[in-house]
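The following report describes part of a protein chain, moving from a helix to the strands beside it and then to the charged pairs. Please read it alongside the sequence and the coordinates.

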Amino acid sequence: MASTRSECKKIGCTKYVINGFGERLGLCSQHYFEEYGEKKGECEVDGCTRLQYARGYCSAHYQRFRNGWLVEDLGKPLKTWTKHHGERCSVTGCQRSASKKTLCGLHYLRKARGTDLAQPLRKLKSRMMPHGLAGYKTVHDRLRRNRGPAAKYQCVDCGRDATDWSYQYGAPDERRDEESGFLFSEDQRYYVPRCRSCNLSYDKRHRDLLQIEKAA
């Protein structure tokens with residue numbers, strides 16, 4: 001059953017409408033923040049020109065406020081973009097963007113650890129299993145691409161908004177992911193939308209059932 005949540009009324013925006021004020025205005029969190037901030041003006045912290053987000057603060061200063069920062073400390077400098085933002089890493093042959101001191105994040109960590117910067121970076125592991133079989137992450141990528149995110153549906157157990165694609169177990173091609181240990185299948189018919197709590201409960205019942213069968 002499809003979720004009743006609506007999309008943002010801004011043309012070209014496909015995000016969902018948030019609850020509360022955003023729901024009444026028909027706006028997603030991003031566009032609600034833009035409209036709300038423009039109406040409320042700039043952040044109340046001295047020297048901050050960002051738009052207000054909540055309680056008179058911009059998003060960054062509001063997070064500091066929520067984390068227990070003292071009011072007199074809220075005005076401490078915020079993290080800003082490095083002057084090399086948008087440039088390429090200075091290491092020969094590296095195509096990543098520079099983030100710190102002309103280096104990308106990986107080469108910056110290498111320099112901090114004293115590792116040779118010229119040493120080739122380790123390639124990421126392929127998501128494809130041997131003999132062309134799709135891995136656990138690839139299967140879930142295909143689910144989101146073919147059937148959309150689980151958040152577009154309602155949980156098959158409780159009817160609330162779903163969060164996860166839940167594997168039903170018992171597929172003929174069932175395999176276990178070596179990295180996470182989760183069982184999965186390439187057959188998308190064995191997946192249904194569930195909310196996080198129902199998904200965890202379903203997986204727990206399945207594990208308990210397996211333990212009972214082994215004990216018998």
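The buried residues of helix α5 pack against β1, β3 (183–184) and β4, where contact means heavy atoms within 4.5 Å. The model is a predicted one, in which local features need pLDDT of at least 70 and side-chain atom pairs count only at pLDDT 80 or more, while totals for chains, interfaces and linings use all residues. Residues are numbered from 1 along each chain as its sequence is written, and side-chain values use heavy atoms, with hydrogens and water left out.

Helices (H or I, at least four residues) and strands (E, at least two) are DSSP runs, numbered from the N terminus. Helix α5 covers residues 136–147, and its twelve residues reach 16 Å from the first C-alpha to the last, close to the 16 Å expected at 1.5 Å a residue; the expected span is 1.5 Å times one less than the number of residues. Its buried residues include Thr138, Val139, His140 and Leu143, buried being under 20% relative accessible area, exposed over 50% and partly exposed in between, for a 1.4 Å probe and protein chains only. After α5 comes glycine 148, which has a positive phi near 85 degrees.

Strand β1, made of residues 164–167, is covered on both faces: Asp164 and Ser166 are buried on one side, and Trp165 and Tyr167 are buried on the other. In a regular strand the side chains alternate between the two faces of the sheet. β1 pairs with strand β4 (residues 191–194) in the antiparallel sense over four bridges, pairing being called if DSSP finds at least two bridges between two strands. Within this arrangement, tryptophan 165 stands opposite proline 193 of β4.

Tyrosine 169 is buried, with a relative accessible area of 16%.

Six salt bridges are present in the structure, each defined as a side-chain nitrogen of Lys or Arg within 4 Å of a carboxyl oxygen of Asp or Glu. Side chains of opposite charge can pair when their charged atoms come close. Three of these pairs are set out below.

| Aspartate 141 | Arginine 144 | 2.6 Å |

Aspartate 141 and arginine 144 are three residues apart in helix α5, so about one helical turn separates them. Aspartate 141 counts as partly exposed at 23% relative accessibility, and arginine 144 is also partly exposed, at 43%.

Aspartate 157 is partly exposed at 42%, whereas arginine 194 is buried at 4%.

Arginine 175 is buried, with a relative accessible area of 17%, and glutamate 186 is partly exposed, with 28%. Both residues also belong to a network of salt bridges that includes Arg142.
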